Amino acid sequence: MTEKAIQSLAGTEDRLPPQWTLWHRLHRAARNQFELHGYGELSTPIIEDARLFIKGTGEDTEIVEKQMYSISSSEGEEANNTDERITLRPEGTPPAVRAYLEADLHKKQKFQKFWYAGPMFRRERPQKGRLRQFHQIGVEAIGGSSPLVDAETILLADAIYKEAGLSSCAINVNSIGCPECRPKYRQILKDELAGRADELCPDCEKRLDRNVLRILDCKEKDCREVVDDLPPIPGLICDECTTHYQILKDALSAQSIAYVEDPLLVRGLDYYTRTVYEIKHKALGARDTICGGGRYDGLVSQLGGPETPCVGFAMGVEATLIAMEAESDKSVSQPNGIDVYVVCFDDSARAKCFEQVEALRSEGLSADMDYEERSSKAQMRMADKTNADFCLLIGELELEKNEVTIKDMKKGEQWTADWDAAGEEISSVIKA
Ligand SMILES: [Zn+2]
Ligand SMILES: [Zn+2]
């Protein structure tokens with residue numbers, strides 16, 4: 001038996017040349033909207049001190065409990081006897097806050113808005129739209145407590161999706177209260193759930209003590225039935241939180257943006273306060289969130305900084321691309337053709353053809369030729385296949401006269417031009 005070729009790891013993906021069209025459309029839309037909304041680009045390392053996520057993302061979250069890829073930061077013997085670990089970042093928010101504090105940005109100007117894009121890593125069960133190496137585009141508005149900032153981030157995500165060509169996204173919002181009111185309503189939920197603990201799934205039974213809120217977004221059918229009988233969180237939060245939530249909702253309504261209040265929306269992360277939101281798309285099936293965000297007023301102080309209110313979101317790029325594929329007509333994924341394909345009619349002319357290809361490229365035209373010594377007929381077929389707008393036909397006769405024959409592939413017209421004027425001629429037809 002021959003040895004099996006080494007394959008990519010489960011939950012990782014290659015992205016081949018034809019698969020970039022929608023990817024770039026999304027990133028272009030994001031960049032454009034970040035500029036319009038005044039967000040500055042931030043890049044942080046892919047590897048971080050594991051404690052950043054244990055403290056920041058939260059020890060009790062699924063991400064930290066089960067999904068982090070970590071290695072020891074020391075070598076050899078020492079490696080087994082240390083708590084210092086390096087982690088492949090599972091999310092972008094704690095690194096953004098760390099960078100903000102490390103550069104002392106909070107001392108210069110408290111309120112600042114950032115965006116980032118890049119790969120994240122989680123040891124998840126791979127499925128549609130969920131990868132172990134996936135990509136996020138995210139924003140963090142650090143230093144602002146106004147609910148209008150919450151509204152801005154939601155409208156920003158919506159604007160990016162609209163510009164990227166998505167029209168059937170659903171925005172869900174909720175408020176999960178603050179450190180003042182959350183312990184109180186958490187106790188109410190605990191009391192309500194205590195009598196029905198035996199109806200919950202094993203995971204949720206454990207959550208009852210440690211993190212009762214996460215029972216609310218458990219996907220198990222039995223848990224959902226129990227949860228349906230609970231009083232909704234927005235009715236249990238304090239007056240300040242209620243007002244904050246109302247201003248956010250009014251700001252969204254004023255923009256005529258369609259959103260749904262989802263009283264069971266809590267998000268899986270510990271650091272959220274008040275506003276939480278998700279943007280969903282039906283093309284994804286059961287796990288249909290393509291963007292998640294919310295307010296995290298406690299995170300900066302938890303990571304050693306001053307009390308600093310923040311709000312942000314992260315879009316799942318791969319999940320969003322599934323939605324974009326479902327909505328886009330198939331023609332957009334067709335790569336654009338090149339400008340010129342140079343067809344060589346005489347083998348001795350190949351080196352001259354190559355010079356012409358390079359000359360065209362240096363004039364800003366995309367150009368290519370055959371490198372496989374194929375017949376002129378096969379080269380013409382390649383020109384068709386590459387969707388070239390023009391062909392340059394070069395044979396003995398052309399070389400003798402120091403000319404090229406230009407063929408407009410769309411109109412079928414053909415004419416000759418001076419060897420050195422080929423690029424100029426084609427450019428003038430393209431511009432006409
Ligand atoms: Zn509150
Ligand atoms: Zn459950």
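1. A salt bridge is a side-chain nitrogen of Lys or Arg within 4 Å of a carboxyl oxygen of Asp or Glu. By this rule the structure holds 27 salt bridges. In general, side chains of opposite charge can pair when their charged atoms come close.

2. This is a predicted model, in which local features need pLDDT of at least 70 and side-chain atom pairs count only at pLDDT 80 or more, while totals for chains, interfaces and linings use all residues. Residues are numbered from 1 along each chain as its sequence is written, chains are lettered from A and ligands numbered from 1 in the order in which they are written, and side-chain values use heavy atoms, with hydrogens and water left out.

3. The chain is divided into domain 1 (17-181 + 237-330) and domain 2 (340-427); the bounds come from an automatic or database domain assignment. Taken over C-alpha atoms, the centres of domain 1 and domain 2 are 50 Å apart.

4. Which residues hold the zinc ion (ligand 1)? Its protein donors are the SG atoms of C178, C181, C238 and C241, at 2.2 to 2.3 Å. Donors are N, O and S atoms within 2.8 Å of the metal (3.2 Å for Na, K and Ca); water is not among the atoms, so sites may look incomplete. Along the chain the donors of this zinc ion follow the spacing C-x2-C-x56-C-x2-C. C178 is in the loop between β7 (169-175) and α7 (182-194), and C238 is in the loop between α10 (221-228) and α11 (239-254), so this pair, 60 residues apart, links distant parts of the chain. Helices (H or I, at least four residues) and strands (E, at least two) are DSSP runs, numbered from the N terminus. Both C178 and C238 are buried; buried means under 20% relative accessible area, exposed over 50%, and partly exposed in between (1.4 Å probe, protein chains only).

5. The four donor atoms around the zinc ion (ligand 1) subtend angles of 101 to 118 degrees, which makes the arrangement tetrahedral. Four donors count as tetrahedral if all angles lie between 85 and 135 degrees. The ideal angle for four tetrahedral donors is 109.5 degrees.

6. The zinc ion (ligand 2) is coordinated by the SG atoms of C201, C204, C218 and C223, at 2.2 to 2.3 Å. The spacing of these donors is C-x2-C-x13-C-x4-C. Angles of 105 to 116 degrees among the four donor atoms make this site tetrahedral. C218 has a relative accessible area of 8% and is buried, and C223, at 0%, is buried as well.

7. C223 also belongs to helix α10, where C223, V226 and V227 are buried. They cover an arc of only 100 degrees around the axis, so they are on the same side of α10. The arc is that of the directions from the helix axis to the C-beta atoms. The face turned away from this buried side carries the exposed residues K221 and D228. The cover over the buried residues of α10 includes α7, α8 (202-210) and α9 (213-216), where contact means heavy atoms within 4.5 Å.

8. D104 and K107 meet at 3.4 Å, N to O; D104 is partly exposed at 30% relative accessible area, whereas K107 is exposed at 62%. K352 and E355 meet at 3.5 Å, N to O. Both of these residues lie in helix α14 (residues 350-362), three residues apart, about one turn of the helix. K352 is partly exposed at 31%, and E355 is partly exposed at 46%.

9. D389 lies in the loop between α15 (376-385) and β14 (390-394) and K410 in the loop between β15 (403-408) and β16 (414-418), so the pair ties together parts that are 21 residues apart in sequence. D389 is partly exposed at 22%, while K410 is exposed at 69%. Elsewhere, salt bridges that share partners join D347, R350, D370, E372 and R374 into one network.

10. Two backbone angles deserve a look. Most residues other than glycine have a negative phi. S256 has a positive phi, near 50 degrees; S256 lies in the loop between α11 and β8 (259-261) and is exposed, at 68%. R274 also has a positive phi, near 55 degrees. R274 is found in strand β9 (residues 273-281) and counts as buried, at 17% relative accessibility.

Definitions and conventions: Tetrahedral: all angles 85-135°; square planar, octahedral: opposite > 155°, others 65-115°.
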